[in-house]
Amino acid sequence: MRDPEAAFRELTGHLQALIRLRTVNPPGDEILAARYLADVLGAAGLEPRLLEPFAGRGSVVARLRGDGSGGGPLLLLGHLDVVPVDADRWTQDPFAADIVEGYVYGRGAVDMKSMVAMELQVVLGLAADTRAAGGRPDRDPVPGLRRDIIFAATADEEAGGHQGAGWIVDHEPQLLRAEACLTEAGGVSIELAGRRFYAIGVAEKGFHRFEITVRGQGGHASMPRDDNAALLAGRVLERLGRPTAPRVTPLMAAAVRAVAGSLPGDPRATGERLLAGETAGICDVPTGRALHALLRDTISPTIVRAGVKDNVIPGSATIVVDCRTLPGTSAADMEAELRGHIGAELWASCTATTPLPPGAALEQPMPHPLYDLCAATITRHDPGSVAVPVMAPFATDAKHTVRLGIPTYGFSPLRLAPDEPFLERFHGDDERVSLDALRFGLPVLDEVVRTYCG
Ligand SMILES: [Zn+2]
């Protein structure tokens, strides 16, 4: 980067502009952000393609050219939609993108408009190189670039991506086809016992949604009965809250080994403590919760419905259950797990259906040159830190890129303050990202992209 400070200021401006465009999904309206990005990319001399397969659900794709001698393209993928806010619980306006005490506040500041803005800034820097060499970014190769770079910012990730990345993969796959991809859910620092780790995403858990209908007996609320479906549902919920048995996948065993080996004390004992969920003194509560989730299939009841009137005992109740699965757990396995939790007697009053097609867990190829480059670059920019390959506890749009056979890694580099509860920021109140984290991340991403493609 010629002028890192100017690039950083531009990055901050683009992030603020993106946050101010309300792309809450549902309904999405990502077209607002897609048009903004298309204008910026067009002004830089690129020829962005704006897609709007469903009204308001906009995505944008642009391509920088290399001379082709270095292999297939690198895809920089991000999503433009954000989750809804409960504005009363925020101390700042979630769509004003104000900077307060060194943080950019706003929905999407973390998930994931900051990474979209960083990807954009890297692309703009490369397009500027082409112009500086007298070329046209829409058709001439970037000086020194041997692969193409595809920038794609898409709609609908928060609701499965079917109107964004998934739609493009199904209908315009040539726009995204690449040799490797970088996207969200990794590359962010975590501080454990005074040591900084960068967890790079190389896998994600699968998801299964179940709707459990609990059958009871309705009646007049003046005469209580034990088979009230709301009471039965309460018993089901209580049992679903019990933890599932741990299962350590090879990836998580390696990740825990790498972390334990870099911490003070006996690595074996530390590793055993981490695997047993005894994380006090090693990591903060949110990180411990994430680790717990990565060592087992999980069950979270999310929606409970029963009753139609305040004086009528409900005859049935519905519980929506969100399950996240490790590699190797099938839908049938997960249903058996639910049955085991609820118990045969209570299960006899239940019917489970799957309202959504399941998503399989993903594991990216390892080792891989792009992973190695991300790990080497970020640890060089932050001497003494350790890179660790990890699984994300949730799904991203990687489920669509892998359908094109594209190895996809979670790497949105940010160096956080040691006490920053980053995992709580995802979909959280007062979502925010620090300017320092962005100032660190941009040159890391820029170097990874230029090196992989150069
Ligand atoms: Zn996201």
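Me: In which loop does histidine 427 lie, and what is its phi near?
Reply: This is a predicted model, and in it histidine 427 lies in the loop between α13 (422-425) and β19 (432-434). Histidine 427 is partly exposed, with a relative accessible area of 40%. Most residues other than glycine have a negative phi. The phi of histidine 427, by contrast, is positive, near 65°.

Me: Is alanine 185 buried or exposed, and at what relative accessibility?
Reply: Alanine 185 sits in the loop between β7 (180-183) and β8 (188-192), and its phi is a positive value near 70°. Because buried means under 20% relative accessible area, alanine 185 counts as buried, at 17%.

Me: Which geometry does the site of the zinc ion have?
Reply: The zinc ion is coordinated by His79 (NE2), Asp111 (OD), Glu184 (OE) and Glu184 (OE), at 1.8 to 2.7 Å. A tetrahedral site of four donors would need all angles between 85 and 135 degrees. Here the angles among the 4 donor atoms run from 53 to 150°, and the site of the zinc ion is irregular.

Me: How many residues apart in sequence are the parts that histidine 79 and aspartate 111 tie together?
Reply: The zinc donors follow the spacing H-x31-D-x72-E along the chain. Histidine 79 and aspartate 111 are both buried. Since histidine 79 lies in strand β3 (residues 74-79) and aspartate 111 in the loop between β5 (103-105) and α3 (113-132), the pair ties together parts whose separation in sequence is 32 residues.

Technical notes: Residues numbered from 1 in each chain as written. Predicted model: local features only at pLDDT ≥ 70, side-chain atom pairs only at ≥ 80, totals over all residues. Heavy atoms only, no water. Donors = N, O, S within 2.8 Å, 3.2 Å for Na, K, Ca; no water. Tetrahedral: all angles 85-135°; square planar, octahedral: opposite > 155°, others 65-115°. Helix = DSSP H or I, 4+ residues; strand = E, 2+ residues; numbered from the N terminus. Buried < 20%, exposed > 50% of the residue type's maximum accessible area, 1.4 Å probe, protein only.
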